[in-house]
Amino acid sequence: MDEQWSRGGLPALPEMMLRGAAGRCPACGHGGMFRGYLRVVGRCAACTAPLGTMRADDAPPYITILITAHVTVGVLLLADRQAPLPVWLTVIAFAALAGIMALVLLRPIKGMTVAVLLRLAGQADEQDRGPHPDAARDDAAADHQVQSERG
Ligand SMILES: [Zn+2]
């Protein structure tokens with residue numbers, strides 16, 4: 001373990017989502033996120049981020065079906081308008097297209113979902129800790145400025 005996990009100092013959400021889509025730890029980008037096709041490791045091997053506690057539940061399949069269905073139906077309607085196929089061929093071709101798309105998309109979408117959950121967990125922790133020390137200093141400086149303007 002080259003660095004220890006801390007919820008402060010997480011990268012920006014788009015970077016975390018890209019790392020998750022690539023199957024890497026959203027926090028450090030070094031450790032792998034998956035053990036097998038979809039099982040998330042308990043902790044990142046590189047930074048110990050608790051990836052296994054981020055419960056994606058039904059979000060990845062939901063998003064995958066949403067995308068796959070829209071693309072498949074769009075292609076189906078276009079193909080039918082351009083060159084109508086026999087029904088049996090249409091059913092086989094689009095079932096295969098939908099199945100392949102879902103299998104290809106599900107893992108990166110799960111990675112991105114875990115990245116979003118990790119980011120939200122980090123933000124919740126920051127809010128639990130109260131305002132940032134710099135914010136208090138800024139408030140004190142603003143109060144001082146208001147008092148000096150009045151006096
Ligand atoms: Zn990591």
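Here is a short tour of this protein, from its overall layout down to one leucine.

What you see is a predicted model, so local features need pLDDT of at least 70, side-chain atom pairs count only at pLDDT 80 or more, and totals for chains, interfaces and linings use all residues. Residues are numbered from 1 along each chain as its sequence is written.

**The layout**

The protein has 4 helices and 2 strands. Helices (H or I, at least four residues) and strands (E, at least two) are DSSP runs, numbered from the N terminus. Starting at that end, the order is α-β-β-α-α-α.

Of the 151 residues, 19% count as buried. A residue is buried if 20 or more other C-beta atoms lie within 10 Å of its own, exposed if 12 or fewer, and partly exposed in between, with C-beta atoms placed from the backbone. Two residues are in contact if those C-beta atoms lie within 7 Å. Among contacts with a separation of 6 or more, 58% come from residues 24 or more positions apart.

| Helix | Residues | Buried residues |
|---|---|---|
| α1 | 13-21 | M16, M17, R19 and G20 |
| α2 | 59-82 | P60, T64 and T68 |

Just after α1, G23 takes a positive phi of about 80 degrees.

As for α2, its 24 residues should span 34 Å at 1.5 Å a residue, and its end C-alpha atoms are 35 Å apart, which agrees. The expected span is 1.5 Å times one less than the number of residues.

**The core**

A nonpolar core is a set of buried Ala, Val, Leu, Ile, Met, Phe, Trp, Tyr and Cys residues joined through C-beta atoms within 7 Å. The largest one here has 16 residues, and those with the most contacts inside it include A27, A49 and L118. Both α1 and α3 give two or more residues to this core, and α3 gives the most, with 5 residues. Leaving aside neighbours within four places in sequence, A27 is in contact with W5, L10, C44, C47, A49 and L118.

**A look at L97**

Not counting residues up to four places away in sequence, L97 touches T72 and V75. The C-alpha atoms of L97 and V71 are separated by 9.5 Å, although these residues are 26 apart along the chain.
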